[in-house]
Amino acid sequence: MSLWRNREIKRFAVAVSVLSTVLVIIGFSSSREAGILVLITAFLLCSTFFAFTAYRYRQIRKLSDYLRRICAGEHSLDIRDNVEGELSILKNEIYKVTLMLSEYNKKLQREKLLLSEHMADISHQLKTPLTSMMVMVDLLGNEDLPPEKRREFTARISSQLKRIEWLVSSLLKMARLDAGVVKMKRERVKVRTLIENALKPLLIPMEVKGITCTVTGQNETLTCDLQWTTEAIINILKNCIEHAPEHGKIEIAAKDNPLYFEIRISDNGPGISKEDLPHIFTRFYRGKNASPDSVGIGLAMAKSIIKEQNGDITVESREGRGTTFFIRLYKAVV
């Protein structure tokens with residue numbers, strides 16, 4: 001960055017030169033001493049100005065070099081100083097922006113890695129049923145295949161297709177939540193309506209295992225998005241049904257207080273181990289007691305849904321003593 005490439009500096013130099021020449025002529029027209037004094041004064045002022053401007057250009061050149069090095073990936077550079085002045089303020093502001101961009105870049109890298117891991121998990125989850133179906137389709141092409149085997153393979157393919165449909169649907173919902181495009185409604189909902197909607201698709205698996213469900217606080221009213229909150233509760237109930245023993249029990253209790261509305265869901269299953277407990281809301285995580293068909297996205301989706309509504313889900317569990325999920329929808333921003 002050259003000082004004399006600046007058009008404004010050139011114009012200023014010409015203007016100062018003309019003005020100084022005029023003043024020097026006027027000074028010499030008065031007396032020789034006045035002319036010399038004006039000449040020296042003009043020279044010193046111009047020299048001081050251009051020296052200070054050159055200094056500022058050197059500082060700006062350092063900032064430009066700093067920004068180029070930042071673009072090259074040297075995010076650990078620090079140009080802050082404690083000297084008063086406009087350049088110091090500019091340096092400090094640039095450093096703040098650099099830190100923000102550095103953190104943003106790290107976040108993008110983490111998200112990129114996480115996306116890569118998720119894609120690998122999704123690929124694995126889809127590959128297993130697809131491979132199984134391809135094998136069974138090949139077997140169905142055998143004209144000598146017994147009718148009972150043909151019916152068995154057809155039923156298995158239907159089951160695998162339903163699993164893939166559920167998996168893809170769940171992943172699309174997770175993608176919408178992650179992208180922040182879901183707009184949660186705030187509507188007054190009866191607990192009875194919410195729980196009935198959540199239990200409706202689960203009545204058959206509960207009946208097969210002989211599981212009973214008791215609900216308290218059905219007459220309470222809460223503010224939430226009915227459709228998405230129902231989805232969250234369904235995923236939690238699925239987890240409870242999966243781990244509840246034959247003829248087990250699930251208890252649902254709702255209560256209101258000045259800070260939040262709470263829905264508590266408990267089962268009398270084997271509980272969750274200490275090793276698995278911190279990770280049960282982690283996407284694609286499967287604990288040691290997970291069923292073979294478990295994918296590991298149900299509880300992660302439930303937590304995302306509740307968090308989108310200014311809420312949270314926590315869990316308490318001890319091995320051999322069942323598990324309790326606490327859904328809390330806060331009435332103020334926390």
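1. His 247 is situated in the loop that joins α7 to β4 (249–256); helices (H or I, at least four residues) and strands (E, at least two) are DSSP runs, numbered from the N terminus. The phi angle of His 247 is positive, near 60 degrees, in a residue other than glycine. His 247 is exposed, with a relative accessible area of 65%, where exposed means over 50% relative accessible area, buried under 20% and partly exposed in between (1.4 Å probe, protein chains only).

2. The model is predicted, so that local features need pLDDT of at least 70 and side-chain atom pairs count only at pLDDT 80 or more, whereas totals for chains, interfaces and linings use all residues. Residues are numbered from 1 along each chain as its sequence is written, and side-chain values use heavy atoms, with hydrogens and water left out.

3. The protein chain contains eight helices and seven strands. Of its 334 residues, 34% count as buried. Contact means heavy atoms within 4.5 Å. Among contacts between residues at least 6 apart in sequence, 68% join residues at least 24 apart.

4. A second residue with positive phi that is not glycine is Asn 310, with a value near 60 degrees. Asn 310 belongs to the loop between α8 (298–307) and β6 (311–317). Asn 310 is partly exposed, at a relative accessible area of 23%.

5. Helix α8 is mostly covered, with seven of its ten residues buried. These are Gly 298, Leu 299, Ala 300, Met 301, Ala 302, Ile 305 and Ile 306. The cover over the buried residues of α8 includes α4, α7, β6 and β7 (323–330).

6. Helix α4 (residues 147–179) has 33 residues, which at 1.5 Å a residue should span 48 Å; its end C-alpha atoms are 48 Å apart, in agreement. The expected span is 1.5 Å times one less than the number of residues. The buried residues of α4 are Phe 153, Ile 157, Gln 160, Ile 164, Leu 167, Ser 170, Leu 171, Met 174 and Leu 177. After α4 comes Gly 180, whose phi is positive, near 75 degrees.

7. How do α4 and α8 pack, and at what angle? Their axes are 10 Å apart and the angle is about 35 degrees; axes are lines fitted to C-alpha atoms, for helices over the stretch in contact, and angles run from 0 to 180 degrees between N-to-C directions. The crossing of α4 and α8 is left-handed, meaning that the near helix is turned anticlockwise from the far one by less than a right angle, while clockwise gives a right-handed crossing. Ser 170, Lys 173, Met 174 and Leu 177 of α4 meet Ala 300, Met 301, Ser 304 and Ile 305 of α8. By class, this contact of α4 with α8 has five nonpolar, two polar and one charged residues. Ala, Val, Leu, Ile, Met, Phe, Trp, Tyr, Cys and Pro count as nonpolar, Asp, Glu, Lys and Arg as charged, and the others, Gly among them, as polar.

8. Helix α5 (residues 191–199) and helix α7 (residues 226–243) have axes that come within 8 Å and cross at roughly 55 degrees. The two helices are therefore oblique to each other, since angles under 35 degrees count as roughly parallel, over 145 as roughly antiparallel, 65 to 115 as roughly perpendicular and the rest as oblique. The crossing of α5 and α7 is right-handed. On the α5 side the contact is made by Thr 193, Leu 194, Ile 195, Asn 197, Ala 198 and Leu 199, and on the α7 side by Leu 226, Thr 229, Thr 230, Ile 233, Ile 234 and Leu 237. The residues of this contact of α5 with α7 divide into eight nonpolar, four polar and no charged.

9. Asn 235 also lies in helix α7. Asn 235 is buried, with a relative accessible area of 5%. Leaving aside neighbours within four places in sequence, Asn 235 is in contact with Trp 166, Gly 298, Leu 299, Met 301 and Ala 302.

10. Ala 254 is part of strand β4 and is buried, with a relative accessible area of 10%. Not counting residues up to four places away in sequence, Ala 254 touches Val 191, Thr 216, Gly 217, Glu 220, Phe 261, Glu 262 and Ile 263.
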